[in-house]
Structures are given as structure tokens and as C-alpha cells.
Amino acid sequence: MRFLGNLLWLLLGGLASALGWALAGLLWCITIVGIPVGLQCFKFASLSLCPFGKDILYQGGAPSLLLNILWLLISGLPLAIAHAAWGCALCVTIIGIPFGLQFFKLARLALLPFGSRVITVC
């Protein structure tokens with residue numbers, strides 16, 4: 001069932017979401033200082049390709065808080081707004097609700113990406 005959900009996910013906006021994360025990662029990797037942020041974006045781009053069966057564990061301390069604030073000001077807000085808009089659009093239909101919920105999960109991740117880990121749900 002996860003495979004089918006992930007396959008439909010790609011068609012219903014998952015590919016565009018992954019491209020958004022990858023573009024943010026490329027822009028961050030232009031500078032040497034931004035490379036760790038860009039690598040985090042690439043990790044979440046791969047999550048965005050197949051989010052079903054995966055969950056996000058939020059944790060972190062002061063360094064991740066400071067980096068989350070910087071991220072939010074530069075790249076996080078546009079990504080979060082785009083994911084929330086996709087989520088709202090997909091939640092209009094009953095069939096789209098599971099996909100919309102995945103977009104809401106990614107919208108929260110776009111707000112607080114540092115100090116979070118991707119875990120696989122069995």
C-alpha cells in the first residue's frame with residue numbers, strides 16, 4: 001500500500017515538492033557556509049519523493065533553534081506556504097486527504113527542519 005501511495009504521491013505534487021526542496025538546497029550550497037543547510041534540504045527532497053511510511057521526529061537544542069530562525073527567514077516560509085497550499089487543495093476531496101496530510105507534514109518540516117530526524121514507520 002505504501003508503494004501505491006508513494007506512486008500516486010509523485011503524480012499529485014510530490015515531484016514538484018521534491019524539486020522545491022532541491023532548488024532550495026542548490027541555492028544554499030552556492031556558499032561554503034550554507035552547505036550543511038543545503039545537504040539537509042537534499043535529505044528532505046528525498047523524503048518528499050516518498051513520504052508514506054516515514055515520520056519525522058522533532059528534537060534539538062539552541063544551535064538548531066538559531067539555524068531554524070535563519071532558515072525560516074530565508075527559505076522556510078516560501079516552502080511552508082507552498083506545501084500548505086498544496087495540502088489545502090488536496091484535502092478538498094476525500095481521496096486527496098491522505099496526500100494533503102503528507103503535504104501538511106512537509107509544511108511543518110519546512111518551518112523547523114533542523115534538529116529533526118526522518119524515521120521509518122513499520
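Reader: In what order do the elements of the protein run from the N terminus on?

Author: Helices (H or I, at least four residues) and strands (E, at least two) are DSSP runs, numbered from the N terminus. Here the order is α-α-β-α-α-β, with four helices and two strands. Bear in mind that this is a predicted model, where local features need pLDDT of at least 70, side-chain atom pairs count only at pLDDT 80 or more, and totals for chains, interfaces and linings use all residues. Residues are numbered from 1 along each chain as its sequence is written, and side-chain values use heavy atoms, leaving out hydrogens and water.

Reader: How many disulfides does the structure hold?

Author: A disulfide is a covalent bond between the sulfur atoms of two cysteines. The cut-off is a pair of cysteine sulfur atoms within 2.5 Å, and this structure holds zero.

Reader: Is Cys41 buried or exposed?

Author: Buried means under 20% relative accessible area, exposed over 50%, partly exposed in between (1.4 Å probe, protein chains only). Cys41 has 1% relative accessibility and counts as buried, while Cys91, at 26%, counts as partly exposed. Across the protein, 38% of the 122 residues count as buried.

Reader: What box do the C-alpha atoms fill?

Author: Roughly 40 × 25 × 20 Å, taken along the principal axes.
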